[in-house]
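Here is a short tour to read alongside the sequence and the 3D view. Take it one heading at a time and keep the model open as you go.

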Amino acid sequence: MASEERNKENSKLGRSPKYMLIQRFAKLFFGCLAAVTSGMMYAVYLSTYHERKFWFSSRQELEREITFQGDSAIYYSFYKELLKAPSFERGVYELTHNNKTISLKTINAVQQMTLYPELIASVLYQASGSEEVIEPVYFYIGIVFGLQGIYVTALFVTSWVMSGTWLAGMLTVAWFIINRTDTTRIDYSIPSRENWALPYFACQVAALTGYLKKSLNCSAEKFCYLLVSASTYTFMMMWEYSHYLLFVQAVSLFLLDSFALAQTEKVYEVYKIYLFSLFLGYLLQFENSALLVSPLLSLVAALMLSKCLQMNMKKGTFMSRLLKIMHIYLVLTITVTLNFLLKMFVPHKENEHLLKFIEVKLGLNTTKNFTMNWLLCQESLQAPSQDFFLRLTQSSLLPFYILVLIICLFSVTQVIFRRVCGEPLKETVKLEDGRIGERPEIVYHVIHTILLGCLAMCLEGMKYLWTPYVCMLAAFGVCSPELWMTLFKWLRLKAVHPILLALILSMAVPTIIGFSLWKEFFPRIMTELSELQEFYDPDTVELMTWIKRQAPVAAVFAGSPQLMGVIKLCTGWMVSSLPLYNDDDLIKRNENIFQIYSKRSAEDIYKILTSYKANFLVIEDSICNEVGPVRGCRVKDLLDIANGHVVCEEGDSYAYSKYGRFCHEIKMNYSPYVNYFTRVYWNRSYFVYRINTVISFQS
């Protein structure tokens, strides 16, 4: 009957079903072409910008590797080790039983550092026969840039599915690239886990958006379901913190279902996908206990249990109605209780530092712990600055996002009020109805972006999760006739036909925005690509060259964790610490070795370093003489606080220690420092000391 009615409407408009089919195919074809082209152009743009920034192709291998800093260097070093292994199986075994990276410690690097991206990249590099075609580093970063292209394409498709026009996708991509400083961290750390994982999450969100739609045929629904399943599991395998982001998504779906704004069966199918992904991830991640004690598992299990309780109650009884009213309270209670019980019976240590950090961040606790205070001082873990909001406003993204969010929120509130009053939802929402809040995929995105926004207001690093969806939601809103029609319904326009005006504005407003963005920001992007920037660190190159030529092969180096990551990558020598903060022993190592910048005696430092079998000590002048913008966040200040060498009373600071700062005193070359350490190399930035095995006491 529905098809007969559509045929009658088309015949009235002079359109045949064949004409409509051709029109839909053309729209789908050009939309997909635009989406794929946008992703490819963004990947090429990233590759070109990276080449211009680092002069990558004209550098030697050592100079290229120095561009990977901190934890990024560690990820790429394991990729190199996999390629050097005689076989893939042998390479995986050496990574899972790794005793050549950290002194006196054997680690499962695949589990501890989530090295599945490196495993996949090495397999693809060797299986595709790329050894004679492309260098390993280009293949590696090429995969990451390609994934960023998929990321942009997924955002394009999401806004297209929501608005019904691929013009929204084009605007999403434009805002994403213009606000690249706040949408992605690809400029700073290419191998970071989020750069590998977030493209899969964007694909999952795009598939979930289509899956939640009401007017969806059977084949499209199955395709979306399969894509949600595959991308959810892949996302969980790529990033150790992925289950926290999926927990935020699960909360969004829970609220969507609680207000009866989506089909309950579809929502619970997504919950089953979470459970399957957690179970499979637990098995393939070497029985990762963090997944068992994750809030995602507790929430999904609570939702399943509460559904069983409600289904077993007879419909219409007082208890059944009471359970429906107390549904949210019941789920939250079961979630908290279940998570508490799991943490009691499942041994876990991986994410305890996160809970301690949250307590200190929220002001529920105070600490003098060096690592905790150092993390709190990191820019990504502080509240966003005013510059962040200023940049989003200058690109017109923030004003339009706020406008779209307010309209959607009011519409959703109206729908919830109607549901409370007993009015059922419409099966199909027409344009003239002006009820955008009745579309479940829109409500999901509104809730999701609000939750992510709350996190981004607390931690600036969360902006890389929130801002891309701000781009997508704002672009959808200005390009959606339904949103404009919802606004006109409230304004009760009579002078102009509201449907016609909504269609005109949904085309005109994004066109004007796009033209203004093109005029203002396109010249900047082209200038960015045409300028040759210079990234050259001769002191670090000299240090790595000296280590490779002069240091014994069995030597162990000690220093700041960030520098140790670069030494491990560029030289392959064993180190005493790494920039990792998910293991208690490694955190303790980092704290102990950072004491080289504290006011401790030469004997104390010598005992610490020899306890880790270190042979060489590297002191960085930039840390020793650090002049930071925030005085209390310098490494040496944090060490003084942790060691009790600084006492703050009534706003005044008093420092006391009978020893001078070690990194300063050791440069003086007098006893007792020369008894324990011998300087063997130095340049403008680094001082390398051999740790004496035989102590010669001399005056």
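## A buried glycine

Let's begin with glycine 559, which has a relative accessible area of 2% and is therefore buried, since that term applies under 20%. Do keep in mind that this is a predicted model. Glycine 559 sits in the loop that runs between strand S1 (556-558) and helix H28 (561-571).

Which residues does glycine 559 touch, leaving aside those up to four places away in sequence? They are Met564, Ser576, Ser577, Ile593, Ile596 and Val618. Isoleucine 596 is 37 residues from glycine 559 in sequence, yet their C-alpha atoms are 8.0 Å apart in space.

## Strand S7 and its partners

Now move along to strand S7 (residues 686-691), where 5 of the 6 residues are buried, so this strand is largely enclosed by the rest of the structure. S7 pairs with strand S3 (residues 616-620) in the antiparallel sense, over 5 bridges. If you want a pair to find on screen, isoleucine 619 stands opposite phenylalanine 687 in S7.

S7 also runs antiparallel to strand S6 (residues 677-682), and 5 bridges join the two. S6 and S7 make a hairpin, with 3 residues between them. Here, threonine 678 has arginine 690 in S7 as its bridge partner.

## Annotated transmembrane regions

The unreviewed UniProt entry carries the annotation "transmembrane region" for residues 28-49, 160-178, 244-262, 282-305, 326-346, 398-421, 465-487 and 499-518. How do two of these spans look in the model? Residues 244-262 are 79% helix and 0% strand, with end C-alpha atoms 23 Å apart. Residues 282-305 are 75% helix and 0% strand, and their end C-alpha atoms lie 21 Å apart.

Of the 17 residues of H24, 17 are buried, so the helix is largely enclosed by the rest of the structure.

## The whole chain

Stepping back, the chain has 34 helices and 7 strands. Of its 699 residues, 51% count as buried. The chain exposes about 33600 Å², and carbon and sulfur atoms supply 62% of that area.

Among contacts with a separation of 6 or more, 71% join residues 24 or more positions apart.

Key. Residues numbered from 1 in each chain as written. Predicted model: local features only at pLDDT ≥ 70, side-chain atom pairs only at ≥ 80, totals over all residues. Heavy atoms only, no water. UniProt positions renumbered as here; feature names shortened; annotations may be inferred. Helix = DSSP H or I, 4+ residues; strand = E, 2+ residues; numbered from the N terminus. Buried < 20%, exposed > 50% of the residue type's maximum accessible area, 1.4 Å probe, protein only. Contact = heavy atoms within 4.5 Å. Areas by Shrake-Rupley, 256 points an atom, 1.4 Å probe, with all protein chains shown as cover. Pairing = 2+ DSSP bridges.
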